[in-house]
Amino acid sequence: TTTVTLPNDEMKGRIIGKEGRNIRAIENITGVELIVDDTPETIVISGFSPLRRHLAKRALDKLILDGRIQPARIEVAVEEAKAELSKDIQKAGEDACYQLGVTGLHPKIVQLVGRLKYRTSYGQNVLIHSMEVGRLAGLLAAELGADVSVAKKGGLLHDIGKAVDHEIQGGHPEIGYDIMLKFGLPEEVAYMSIAHHEDKPKTLVGVIC
């Protein structure tokens, strides 16, 4: 769930709209559920996809600020929020790769890295976690004589499956492995997605990651 703070409780009625038309429009376009209860000045967005929840929150924030809440305006606000979110995701992915010195990734992989900014796992931001693993893996690889480039790449991308595991069936290790191979990454890097869940990884970099 994601919480949206309202300026006042009167805003709840405006978001619901006449005979519920506004709330239905928001839910249909964004694919989330809005929970309007007795909690003062608060609406809760519920949904499995963190990206859909964030999109709905951005759109709601725009609508609340604008004050005009009706189906046609809702469509415009959601489209504006989508464009902003897409740019933010791209920038987050590019920044992460730049900070770790990881190059040569397919643009789609960079975008998936950026999507991890909006994913949490066990209360931790997955993008921050992935960057930490990439940095530490590179340092350990240098000490142990392993391939630093493979370790950094594998560390950064080991949880890439979590970027889409709400949309694709299967566990994130297998999803991540398939994605990396699909977009041209070598087996030794793609294997990091599987290796970090194995008791006895088959490679030194696998052990490191």
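Start with the charged side chains: across the whole structure, a search finds 16 salt bridges. Keep in mind throughout that this is a predicted model.

**Stop 1: Glu84 and Arg58.** Select these two side chains. They meet in a salt bridge, 3.4 Å from N to O. Glu84 belongs to helix α4 and Arg58 to helix α3, so the pair ties together parts that are 26 residues apart in sequence. Check the surface next. Glu84 is partly exposed, at 35% relative accessibility. Arg58 is partly exposed too, with a relative accessible area of 22%.

Stop 2: Within it, zoom in on Arg68 and Asp66, whose side chains meet at 2.7 Å, N to O. Arg68 is exposed, its relative accessible area being 51%. Asp66 counts as partly exposed, at 31%.

**Stop 3: Arg119 and Asp165.** Are these two residues buried or exposed? Both are buried. Their side chains form a salt bridge of 2.7 Å, N to O. This pair links distant parts of the chain, 46 residues apart. Arg119 sits in the loop between α5 and β4 (120-121), while Asp165 sits in the loop between α7 (148-157) and α8 (172-182).

**Stop 4: the largest pocket.** Now show the pocket surface. The largest pocket has a volume of about 340 Å³. Its lining comprises 13 residues; select Leu51, Leu55, Leu85, Ile89 and Arg115, which lie nearest the centre. Which elements give two or more residues to this lining? They are α2, α3, α4 and α5 (107-115). Of these, α4 contributes the most, with four residues. Colour the lining by class: five residues are nonpolar, four polar and four charged.

**Stop 5: helix α2.** Select residues 21-30. The buried residues of this helix are Asn22, Ile23, Ala25, Ile26 and Thr30. Look down the axis of α2: these buried residues fall within an arc of 160°, so they line one face of the helix. Recall the helical repeat. An α-helix has 3.6 residues a turn, so residues three or four places apart point the same way.

What covers that buried set? The cover includes α1 (10-16), β2 (33-35), α3 (50-66) and α4 (71-100). Finish by stepping past the end of the helix. Gly31 follows α2, and its phi is positive, near 75°.

Conventions. Residues are numbered from 1 along each chain as its sequence is written. This is a predicted model: local features need pLDDT of at least 70, side-chain atom pairs count only at pLDDT 80 or more; totals for chains, interfaces and linings use all residues. Side-chain values use heavy atoms; hydrogens and water are left out. Buried means under 20% relative accessible area, exposed over 50%, partly exposed in between (1.4 Å probe, protein chains only). The arc is that of the directions from the helix axis to the C-beta atoms. Contact means heavy atoms within 4.5 Å. On a 1 Å grid over the protein atoms alone, a cavity is a set of points where a 1.4 Å probe fits but cannot get out, and a pocket is an open set with protein on both sides within 12 Å along at least five of seven lines; lining residues have an atom within 4 Å of a point. Grid points are joined across faces, edges and corners, and a volume is the space filled by probe spheres set on the points. Ala, Val, Leu, Ile, Met, Phe, Trp, Tyr, Cys and Pro count as nonpolar, Asp, Glu, Lys and Arg as charged, and the others, Gly among them, as polar. A salt bridge is a side-chain nitrogen of Lys or Arg within 4 Å of a carboxyl oxygen of Asp or Glu.
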